[in-house]
Amino acid sequence: MFDDVDGPEQKTLLRLLIIVGIGLPILIEVVTFGSMMGHHLTGDTGDEAVPETPTAEPAGAGVGDPILESANVSARIGAASVVTADEGWRFTLTVNVTNTGTDPAAVRLDSVTTRSGETVAESASTGQLPVNQTDDVTKSWLLPPGERPDTVSVTVLVYPDGGSVQSTQYTVALGDIPVSNR
């Protein structure tokens with residue numbers, strides 16, 4: 001194998017190349033392993049500080065969550081679903097409402113805005129609820145195919161003794177509503 005090598009300089013050069021060819025990959029592996037162990041043992045993340053990513057809070061309200069911050073009513077999502085169909089995705093929302101104020105009140109579901117920003121305006125209301133009375137309001141909106149609800153617009157109507165109606169509108173962010181094809 002080494003018969004064609006002439007002279008001691010060429011044999012030394014060949015030996016040196018073999019040592020470098022084997023030694024260099026071993027040296028790289030040792031340095032890499034040492035670096036990994038050093039970072040692991042010391043907790044060092046390198047020169048750049050990488051901020052920790054906090055665990056994301058669930059965005060928006062889901063079934064069972066309260067949706068209004070009104071002194072006149074308390075409202076909670078009773079049921080929510082998205083059902084796929086050829087003509088569009090049907091979003092159905094049921095809200096449980098209790099009049100906690102001192103005057104008759106109502107809650108109206110006004111419109112839904114999809115994640116892409118399209119608004120579908122159709123409304124449903126509980127009607128006037130006497131003080132401490134509870135009712136449900138259910139509304140179904142036909143969204144464009146593939147669209148999921150992002151927010152729902154809710155209006156609280158209060159009917160004080162003077163005969164005028166006071167209304168306050170809220171935009172409620174919705175969480176991930178289950179999608180089915182039933």
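Visitor: How many aromatic pairs does this predicted model hold, and what makes the pair of Phe-91 and Trp-141 stacked, edge-to-face or tilted?

Guide: The count in this predicted model comes to 1 aromatic pair. The ring centres of Phe-91 and Trp-141 are 5.6 Å apart, and because centres within 6.5 Å make a pair, these two rings qualify. Their planes stand at 20°, and since planes under 30 degrees apart count as stacked, the pair is called stacked.

Visitor: Why is the pair said to tie together parts of the chain?

Guide: Phe-91 belongs to strand E2 and Trp-141 to strand E5, so the pair ties together parts that lie 50 residues apart in sequence. Both Phe-91 and Trp-141 are buried, and they are among the residues with the most contacts inside the largest nonpolar core, together with Ile-67 and Leu-93.

Visitor: Which elements give two or more residues to that largest core, and how many residues does the core have?

Guide: The core has 30 residues, and the elements that give two or more residues to it are strands E1, E2, E3, E4, E5 and E6. As for Ile-67, its contacts beyond four places in sequence include Ala-75, Ile-77, Val-95, Val-154 and Val-172.

Visitor: How do you know whether Thr-151 is buried or exposed?

Guide: Thr-151 has a relative accessible area of 16%, and because buried means under 20%, Thr-151 counts as buried. Thr-151 is found in strand E6, which covers residues 149–158, and its contacts beyond four places in sequence include Ser-111, Val-112 and Thr-113 as well as Thr-171, Val-172, Ala-173 and Leu-174.

Visitor: Why is the contact of Arg-108 and Asp-110 called a salt bridge?

Guide: The closest N and O atoms of Arg-108 and Asp-110 are 2.4 Å apart, and because the criterion asks for a nitrogen within 4 Å of a carboxyl oxygen, the pair is called a salt bridge. Arg-108 has a relative accessible area of 27% and is partly exposed, whereas Asp-110, at 13%, is buried.

Visitor: How many salt bridges are counted, and what does the one between Asp-176 and Arg-115 link?

Guide: The count comes to 3 salt bridges. Asp-176 and Arg-115 meet at 2.5 Å, N to O, and this pair links distant parts of the chain, with Asp-176 in the loop between E7 and E8 and Arg-115 in the loop between E3 and E4, 61 residues apart. Asp-176 has a relative accessibility of 62%, and because exposed means over 50%, Asp-176 counts as exposed; Arg-115, at 45%, counts as partly exposed.

Visitor: What makes Glu-122 and Lys-139 a salt bridge?

Guide: The side chains of Glu-122 and Lys-139 meet at 3.2 Å, N to O, and since this lies within 4 Å, the pair is called a salt bridge. Glu-122 lies in strand E4 and Lys-139 in strand E5, so the pair ties together parts that are 17 residues apart in sequence. Glu-122 counts as partly exposed at 34% relative accessibility, whereas Lys-139 counts as buried at 16%.

Note on methods:
Residues are numbered from 1 along each chain as its sequence is written. This is a predicted model: local features need pLDDT of at least 70, side-chain atom pairs count only at pLDDT 80 or more; totals for chains, interfaces and linings use all residues. Side-chain values use heavy atoms; hydrogens and water are left out. Helices (H or I, at least four residues) and strands (E, at least two) are DSSP runs, numbered from the N terminus. Buried means under 20% relative accessible area, exposed over 50%, partly exposed in between (1.4 Å probe, protein chains only). Contact means heavy atoms within 4.5 Å. A nonpolar core is a set of buried Ala, Val, Leu, Ile, Met, Phe, Trp, Tyr and Cys residues joined through side-chain atoms within 4.5 Å. Rings of Phe, Tyr and Trp (its six-membered ring) pair if their centres lie within 6.5 Å; planes under 30 degrees apart count as stacked, over 60 as edge-to-face and the rest as tilted.
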